[in-house]
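My notes follow in the order I took them.

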Amino acid sequence: MIDVQLMGLLNATLQAATLLFIAALGELITEKSGILNLGVEGMISVGAVSGFITAINTESLFLAVIVGVLSASAFSSIHAFVTVVLKQDQTVSGLILTILGLSLSSLIGKPYVGKKLEVKLESLIDIAEPSNIFQVLLSQNLIFYIAILLMIFTAYILKKTMFGRRIEAIGEDLKSADSMGLKIAKTQFIATCVGGAFAGLSGVYLTLSYVPYWTDGMTSGRGWIALALVIFGGWKPYRTAFGALLFGFLEALGPRLQTYGFEMSPYIVKITPYIITILVLVFLTIIKNGNTGAPKNIGIPFFRENR
Amino acid sequence: MNKYILSKKLYRNELATFYSFLIGFLIALAVGSLILFIQEKNPFDVFSLMLKLSIGSVNSLSNSLNKAIPLILAGLGISIINSVKLWNIGAEGQIFMGAIALNFVYINTSINNSQIYILLLLVSGFLGGAFCILFPAITKVLFGVNEIITTLLTNYIVFGLTIYLINGAWKDPASLNFPAAAYVSESVYLPTVLGKLSSGFLICILFTLIAYYIKDKSVFGYEMRIAGGSELTAIYAGISAKQKAFFAMLIGGGFAGLAGAIELLSQTHRVSTGISQGFGYTAIIVAAITGMRPIGIFLVGCLFGALTIGGSVIQTIGVSSYIAEIIQATTLFGALVAQFFFSYEILKKDEND
């Protein structure tokens, strides 16, 4: 009996972690190039609602995933245009991207509130009651494995390929990157749109698998937790994955506390992930003495002074 | 090679922010029209109805200005905090906390003189908002913890706390379907001044002037700007940047808390989830679009209040109220695009260069 509960907890942890991790990984790529995008929450929402609507209307999951990812990516290009091309304030633009994304998805999702999804992302191998850790790992759906692949790819691309080294160079030292002749605007634009695509995938995971329906504000701050995760992971993919597992575990643990004999108001349980995120962020910043390892040029627009 | 180069303009038009706002608003109306058009509604009809029902009569105008109060106060708070180049994304939570603190004081005290009581309740709302940002402020100045994330996450915590209270300790047994705290006594309602316009609007005007004074005229405001500008300059000038940041955050949080208190005493008359409908987020747009200028925040706040009212009334003809939110957010995006052309110019490259 305990085992079934434990496996249930593990399963829920992996699902919550996947959702947070994909969005965080996308933001990591964007921030590595020196662009801060606070619009994660809005982009997840746009991906979630467009994926959901596509799934309802076409009953094709493949199409739903593609539409969700592409629409969130297209949506993030607003931020890329305003901050990279027009060099406007990244904080303002990102915040408005979140507000716009949430209201836009509420608008287009309104007729779909309460509708039930006929198709749902199923696990690849159907195991009714997983009894050990491998069975839990095997019973995840496709996006979980895509997330793992994305993690390995991203880590490899950032560290080992020219493209990744360019992104890092731009994020760390704009002037040197510019004098080396790197295409700064192009790279930052791509990195922002890739971040949007990842957030879209996370959103699709939310509405097609995690909670297979659509309601207003269902992203409930996950985009912001993803932003905190990037800081937690020190802008490193594997460490961010570890952070996602930790945060996912805490999110999964909350509703289960009662079964382990802890009496807690469900309203208080609901806010624990946010409290813990703040506490972890504070703790981490203290032990790192304020130097969290952020790319040096984050938030600074590139402008080549003409003389 | 590139034929054109980008150059920063040496002189920026003084009214650039204002013009950018106008351009942004026009762009937003165009985008709004497009969305309405797709939804097979006549944009002209919808907008004229919005206009009529938001500023067409004394009653609707006072409704609009009442909605403007929280937008303006929270926006002013954000602008004060931005003087030290910090962001307050937690105004939504501070508004709720202001209402919670007010109710806490209201339950535990009793004063017969209703004017003094109202004053005490407003002050407790202000302190509630300040309390709400205390933790992000302390961790920011002591350890440099990212205040954007901490203030934002506080919103979810305070909203959860509100739901916890109105379903538990403060639950009004008489309110069955809609969980809420008990109503406050009619004696502490904020009086109306004109039509339905709450006297909270007068407080709002007063605080706009106070914010203007703090930011632009006071020594504290001057020191805040230096502290936010450059760490080295602040050190040379003997200004403790951390101290300024700390107090700026508390004051700014207090402004939003006051908004929650006024909302409770003039609109909802009790703690419920309806204390704020995203005012704290809209306030970010209001503050950012005006370049953090108090007088501008007041004016744009009034306009956005009318937009919000307009957005809620057009639901009766089957148009989603989110149109208003989308117009607000798009206005800022449009303004950012316009700002670019006021700050930069595109020059043709000299052949001999």
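**Entry 1: B:Leu264.** This is a predicted model, and I keep that in mind throughout. I started with B:Leu264, which sits in helix H11 of chain B, residues 241–268. Is B:Leu264 buried or exposed? B:Leu264 is buried, because its relative accessible area is 0%, and the cut-off for buried is under 20%. I then listed its contacts, leaving aside neighbours within four places in sequence. B:Leu264 touches B:Ala99, B:Leu102, B:Val184, B:His269, B:Arg270, B:Val271 and B:Ile275. I also checked one distance. B:Ile295 is 31 residues along the chain from B:Leu264, and their C-alpha atoms are 25 Å apart.

**Entry 2: B:His269.** I followed one of those contacts, B:His269. I found B:His269 in the loop between H11 and helix H12 (279–289) of chain B. Its phi is positive, about 60 degrees, although B:His269 is not a glycine. B:His269 is buried at a relative accessible area of 14%.

**Entry 3: H3 against H11 in chain B.** Next I looked at how H11(B) packs. Helix H3 of chain B (residues 58–82) and H11(B) cross at roughly 170 degrees, and their axes come within 7 Å. Angles over 145 degrees count as roughly antiparallel, so H3(B) is roughly antiparallel to H11(B). By class, I noted 15 nonpolar, 5 polar and 1 charged residues in this contact. From H3(B), the residues include B:Asn66, B:Ile69, B:Pro70 and B:Leu73. From H11(B), they include B:Ala248, B:Met249, B:Phe255 and B:Glu263.

**Entry 4: H2 against H4 in chain A.** I moved to chain A. Helix H2 (residues 40–58) and helix H4 (residues 90–109) of chain A pack at about 20 degrees, with axes 7 Å apart. Why do I call H2(A) roughly parallel to H4(A)? The angle is about 20 degrees, and angles under 35 degrees count as roughly parallel, so H2(A) and H4(A) qualify. H2(A) passes H4(A) in a left-handed crossing. The residues of this contact divide into 8 nonpolar, 6 polar and 1 charged. Among them are A:Val40, A:Glu41, A:Ser45 and A:Ile53 from H2(A). H4(A) brings residues including A:Leu97, A:Gly101, A:Leu102 and A:Ser105.

**Entry 5: A:Ser45.** I zoomed in on A:Ser45, in helix H2 of chain A. A:Ser45 is buried, with a relative accessible area of 2%. Which side chain makes a polar contact with the side chain of A:Ser45? I found A:Ser105, at 2.7 Å. Not counting residues up to four places away in sequence, A:Ser45 touches A:Gly101, A:Leu102, A:Ser105, A:Trp214 and A:Thr219.

**Entry 6: A:His79.** A:His79 lies in helix H3 of chain A, residues 61–85. A:His79 is buried at 0% relative accessible area. Its side chain makes a polar contact with the side chain of A:Ser93, at 2.8 Å. Beyond four places in sequence, I noted contacts of A:His79 including A:Ile35, A:Asn37, A:Gln90, A:Leu97 and A:Thr192.

**Entry 7: A:Trp235.** Last, I looked up a loop residue. A:Trp235 sits in the loop between helix H10 (222–232) and helix H11 (237–253) of chain A. What is its phi? Phi of A:Trp235 is near 60 degrees, a positive value in a residue other than glycine. A:Trp235 counts as buried at 5% relative accessibility.

Key:
Residues are numbered from 1 along each chain as its sequence is written. Chains are lettered from A and ligands numbered from 1 in the order in which they are written. This is a predicted model: local features need pLDDT of at least 70, side-chain atom pairs count only at pLDDT 80 or more; totals for chains, interfaces and linings use all residues. Side-chain values use heavy atoms; hydrogens and water are left out. Axes are lines fitted to C-alpha atoms, for helices over the stretch in contact, and angles run from 0 to 180 degrees between N-to-C directions. Helices (H or I, at least four residues) and strands (E, at least two) are DSSP runs, numbered from the N terminus. Angles under 35 degrees count as roughly parallel, over 145 as roughly antiparallel, 65 to 115 as roughly perpendicular and the rest as oblique. A crossing is left-handed if the near helix is turned anticlockwise from the far one by less than a right angle, and right-handed if clockwise. Contact means heavy atoms within 4.5 Å. Ala, Val, Leu, Ile, Met, Phe, Trp, Tyr, Cys and Pro count as nonpolar, Asp, Glu, Lys and Arg as charged, and the others, Gly among them, as polar. Buried means under 20% relative accessible area, exposed over 50%, partly exposed in between (1.4 Å probe, protein chains only). A polar contact is a pair of N or O atoms within 3.5 Å; within protein, one must be able to donate a hydrogen and the other to accept it, and residues adjacent in sequence count only if both atoms are side-chain atoms.
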